[in-house]
Amino acid sequence: MLARRHRLTSGEDFRSVLRGRGDGRRRQRAGTDLLVVHVCLPRPDATAVASVDTCPRVGFVVSKAVGNSVVRHRTARRLRHLVADRVEGLPPAADVVVRALAPAAQATSAELGAALDQALARAVTRRS
């Protein structure tokens, strides 16, 4: 289970990561054939103000293109489980949105995990 402090909960938080709002944070996106990862990182010269800001947060987007309600929720649960194992390895103060693509519904957990690792690594290490 993903701890509450590691969850993106508001629509504004999701919009901030996906579209940006001119807050000076660095945004990166990387994808695979199964999912797309959007990462919003603080600038290297910025310092976190509060301890809440230093905790990475993650949100999930699983659209109707993935499947019906049962399939979407199963896919989201699998992704949540995979991210929970990797959240401590994310940079402090990072906000991440994992967007599942239609083929994610038929993928095994091992395939989803490999795709997640690949996309996270590319999005976090990219230079702006």
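A: Buried means a relative accessible area under 20%, exposed means over 50%, and partly exposed lies in between (1.4 Å probe, protein chains only). The model you are looking at is a predicted one, in which local features need pLDDT of at least 70 and side-chain atom pairs count only at pLDDT 80 or more, while totals for chains, interfaces and linings use all residues. Residues are numbered from 1 along each chain as its sequence is written, and side-chain values use heavy atoms, with hydrogens and water left out.

Q: What pattern does the chain follow along the sequence, and how many helices and strands does it have?

A: Helices (H or I, at least four residues) and strands (E, at least two) are DSSP runs, numbered from the N terminus. In this model the chain has 3 helices and 4 strands, and reading along the sequence gives the pattern α-β-β-β-α-β-α. Of its 128 residues, 41% count as buried.

Q: Which residues of strand E1 are on its covered face, and which on the uncovered one?

A: In a regular strand, side chains alternate between the two faces of the sheet. In E1, which spans residues 26-31, the covered face consists of Arg-26, Gln-28 and Ala-30, whereas Arg-27, Arg-29 and Gly-31 make up the uncovered face.

Q: In which sense do E1 and E2 run, and how many bridges join them?

A: Two strands are said to pair if DSSP finds at least two bridges between them. E1 and E2 run antiparallel and are joined by 6 bridges; within this pairing, Arg-29, a residue of the uncovered face of E1, stands opposite His-38 in E2. The two strands form a hairpin, with 3 residues between them.

Q: With which strands does E4 pair, and in which sense?

A: Strand E2, residues 35-41, pairs with E4 in the antiparallel sense over 6 bridges, and one place to look is Val-37, whose bridge partner in E4 is Val-98. Strand E3, residues 57-62, pairs with E4 in the parallel sense, also over 6 bridges, and here the bridge partner of Val-62 is Ala-100 in E4. The chain crosses from E3 through H2 to E4, and this β-α-β crossover is left-handed; for comparison, a crossover is right-handed if, with the strands pointing away from the viewer, the path from the first strand over the helix to the second runs clockwise.

Q: Why is E4 described as largely enclosed by the rest of the structure?

A: E4 is described in this way because 5 of its 6 residues are buried.

Q: Where is Ala-93 found, and what is its phi?

A: Ala-93 is found in the loop between H2 and E4. Its phi is near 65 degrees, a positive value in a residue other than glycine. As Ala-93 has a relative accessible area of 15%, it is therefore buried.

Q: How many disulfides does a search of the whole structure find, and are Cys-40 and Cys-55 buried or exposed?

A: A disulfide is a covalent bond between the sulfur atoms of two cysteines, and the search takes it as a pair of cysteine sulfur atoms within 2.5 Å. Applied to the whole structure, this search finds 0 disulfides. Cys-40 counts as buried because its relative accessibility is 0%, and Cys-55, at 12% relative accessibility, counts as buried as well.
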